[in-house]
Amino acid sequence: MTNRLASMFDGADAVEAEIAARPADRVDHAAQAADVIATYHPKRLHLVVDEVIVETPSTATFRLVSADGSNLPPFLAGQYVNVFFDGTSRPYAMSSS
C-alpha cells in the first residue's frame, strides 16, 4: 500500500480494513446536540411563583418553579433571568442553596 496511512505504521492495512467494514454513521448528531442545548439553555421558561419571602422592607425572595413541574436547567452564580410581565422585562439574579 502506498498511501500515507500505510507509510505511518505497521498494521495500517488492518486498520483501514476495519474502518471500511464499519457501517455508515447515520445518527443525526446535530439534532442530538440541539436537543441537549435546548434542555440546558431554553429560549424561554414558563415559571410560577411558589413562595415569597420578605427579607427586608425593600427586598424579597421569589421562589420560582416550572409551570409544568419539570426540573429547571442548571445555572452558575452570577447568571440572571429576564422576567417578563405585562409588557415589561427586568433582570433578576439567581441563587440557590
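A salt bridge here is a side-chain nitrogen of Lys or Arg within 4 Å of a carboxyl oxygen of Asp or Glu. I kept in mind that this is a predicted model.

**Entry 1: salt bridges**

I looked up the salt bridges and found two in the structure. Side chains of opposite charge can pair when their charged atoms come close.

I took Glu18 and Arg22 to begin with. Their side chains meet in a salt bridge, at 3.1 Å from N to O. I checked the exposure of Glu18: it is partly exposed, at 49% relative accessible area.

Then I turned to Glu51 and Arg63. They form a salt bridge too, and their closest N and O atoms are 3.4 Å apart. Which strands hold Glu51 and Arg63? Glu51 sits in strand β1 (residues 47-56) and Arg63 in strand β2 (residues 59-66), so this pair ties together parts that are 12 residues apart in sequence. I noted the accessibility of both partners. Glu51 is partly exposed at 37%. Arg63 is partly exposed as well, with a relative accessible area of 44%.

**Entry 2: the largest pocket**

Next I looked up the largest pocket. I read its space as about 1,500 Å³. How many residues line the largest pocket? I got 34, and Leu47, Leu64, Val81, Val83 and Met94 lie nearest its centre.

I asked where the lining comes from. Strands β1, β2, β3 (80-85) and β4 (88-93) each supply at least two residues. β3 gives the largest share, six residues.

Last, I sorted the lining by class. I recorded 21 nonpolar, nine polar and four charged residues.

Conventions. Residues numbered from 1 in each chain as written. Predicted model: local features only at pLDDT ≥ 70, side-chain atom pairs only at ≥ 80, totals over all residues. Heavy atoms only, no water. Buried < 20%, exposed > 50% of the residue type's maximum accessible area, 1.4 Å probe, protein only. Helix = DSSP H or I, 4+ residues; strand = E, 2+ residues; numbered from the N terminus. 1 Å grid on protein atoms, 1.4 Å probe; cavity = no way out; pocket = protein on both sides within 12 Å on 5 of 7 lines; lining within 4 Å. Points joined across faces, edges and corners; volume = space filled by probe spheres on them. Nonpolar A, V, L, I, M, F, W, Y, C, P; charged D, E, K, R; others polar.
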